[in-house]
Amino acid sequence: MGPLSLPEAYLVCATLIAVDILARALRIRWILRGLGTPIRFRDAITLNAFGDAASALTPLRFGGEPARLGGMLRAGVPAAAGLVAIGLETIAAWPVIILAMLPLVWLFAPEWWTAAAPRIGAAVVTAWPWVVVIGAMTVAAWLVARRHARLFARQVRRPMRRAAVYWRRAPIWPLMAGIPLTLLDLFTRVGVLVALALTLPAPSPLGTLVVGSFLLLYAQLVLPTPAGIGVVDFSFLAGAAGQLGGRGAELLLAWRFFTSGVGLILGVGLAARIYGWPALALVLRRRGAAPSPPA
C-alpha cells in the first residue's frame with residue numbers, strides 16, 4: 001500500500017462519505033417508491049441526515065429512526081408506510097452486511113486480535129480510571145436509552161396497526177436493487193479508516209485495518225453512549241484501529257469527523273434551515289429526537 005498525503009486522504013474520505021450519502025438516499029427512496037409513497041431525492045437525503053444527526057446525539061442511537069420517520073412525514077409519507085420502509089431497509093441490509101464481512105472477519109480477525117488484544121489489554125491496565133469512568137457513562141446512557149425507547153414504542157403503536165397494508169403491498173425489487181447500494185455503503189464507511197491509515201509511513205496490513213474499521217463502526221449500534229463515545233474512542237487509541245505510529249489523536253479526530261461529524265453537521269444544519277433554530281432547540285429538549293413536520 002502506498003502512503004497518501006493528508007490532503008489526498010481527506011479528499012478520498014470526503015468522496016467516500018458523499019457516495020455513502022447518495023447510496024443510502026437512493027436505497028430508501030426505492031423502498032418508499034415500492035410502497036407506493038415516492039419522495040424526492042433531496043427529501044431522501046434530508047431524512048437520512050436527520051437520522052444521522054439524531055443517532056450521533058442520542059444514547060443507543062434511539063433518536064435515529066424517529067428522526068428519519070419525522071423526515072418521511074415531512075415529505076408526505078404516511079407514518080405506517082415510513083415504519084414499514086425502515087423495517088424493510090433493516091431486514092434487507094443486515095444479511096448483506098454480515099455476508100460481505102464474514103469472509104474478511106474469518107480470514108483476518110485472528111491477525112487483528114493478535115495485534116490488537118495486547119495493546120488494548122495494556123491500555124486498560126495503565127488507564128483503568130478512564131475505563132471506570134467510561135463504564136459508568138455507558139451504564140447511565142443505557143438507562144436513559146431504555147426510558148426513551150419505551151416512550152417511542154408507545155408513540156408508534158397506532159401506526160404499526162396500519163402497517164400490515166404496506167407489508168402486503170411491498171414488492172421485492174427495491175430490496176434486491178438495494179443490495180449493491182448496501183455493499184457500497186459498507187465499503188465507503190469502512191474505507192474511511194483505511195484511507196486515513198494510508199497516511200502513516202508503515203500502516204497496518206489491509207485486513208487488520210478493515211476488521212478494525214468494521215468493529216469500530218458497527219460497535220456504535222450496540223453501545224449505549226451517543227456514537228459509542230468513550231468505548232469506541234478508547235478502543236481506537238488503544239490499538240483496535242491498528243498501529244497508529246504516534247498519530248492516534250489526529251487520526252481519531254479525522255475519523256470521527258468523517259464517520260459521524262459530517263452527518264451531524266448536515267442533519268442539524270438542514271433541520272435548522274427547515275424548522276428554525278428555536279423550534280429545533282425546543283423539540284430536542286422535549287423529545288430528544290427530530291422535530292415533527294409542520295401541520
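Me: In which helix is Arg189 found?

Reply: Arg189 is found in helix H7, where a helix is a DSSP run of H or I with at least four residues, numbered from the N terminus. The model is predicted, so local features need pLDDT of at least 70 and side-chain atom pairs count only at pLDDT 80 or more, while totals for chains, interfaces and linings use all residues. Residues are numbered from 1 along each chain as its sequence is written, and side-chain values use heavy atoms, with hydrogens and water left out.

Me: Which residues does Arg189 touch, not counting residues up to four places away in sequence?

Reply: A contact requires heavy atoms within 4.5 Å. With residues up to four places away in sequence not counted, Arg189 touches Asp20, Ser213, Leu217 and Thr259. Arg189 and Thr259 are 70 residues apart in sequence, yet their C-alpha atoms are 6.9 Å apart in space. For the chain, 75% of the contacts between residues at least 6 apart in sequence join residues at least 24 apart.

Me: Where does H7 bend?

Reply: The bend at a residue is the angle between axes fitted to the seven residues ending there and the seven starting there. H7 bends by about 35° at Ile179, and the proline Pro180 follows within four residues.

Me: How many cavities of 30 Å³ or more does a search of the whole structure find?

Reply: Rolling a probe the size of a water molecule over the atoms shows where empty space is left. Here a cavity is a set of points on a 1 Å grid where a 1.4 Å probe fits but cannot get out, and lining residues have an atom within 4 Å of a point. The search finds two cavities of 30 Å³ or more.

Me: Which helix supplies the largest share of the lining of the largest cavity?

Reply: H7 does, with four residues. H1 (6-34), H4 (79-126) and H7 each supply at least two residues of that lining, which includes Arg27, Glu89, Pro174 and Thr182.

Terms used
On a 1 Å grid over the protein atoms alone, a cavity is a set of points where a 1.4 Å probe fits but cannot get out, and a pocket is an open set with protein on both sides within 12 Å along at least five of seven lines; lining residues have an atom within 4 Å of a point. Grid points are joined across faces, edges and corners, and a volume is the space filled by probe spheres set on the points.
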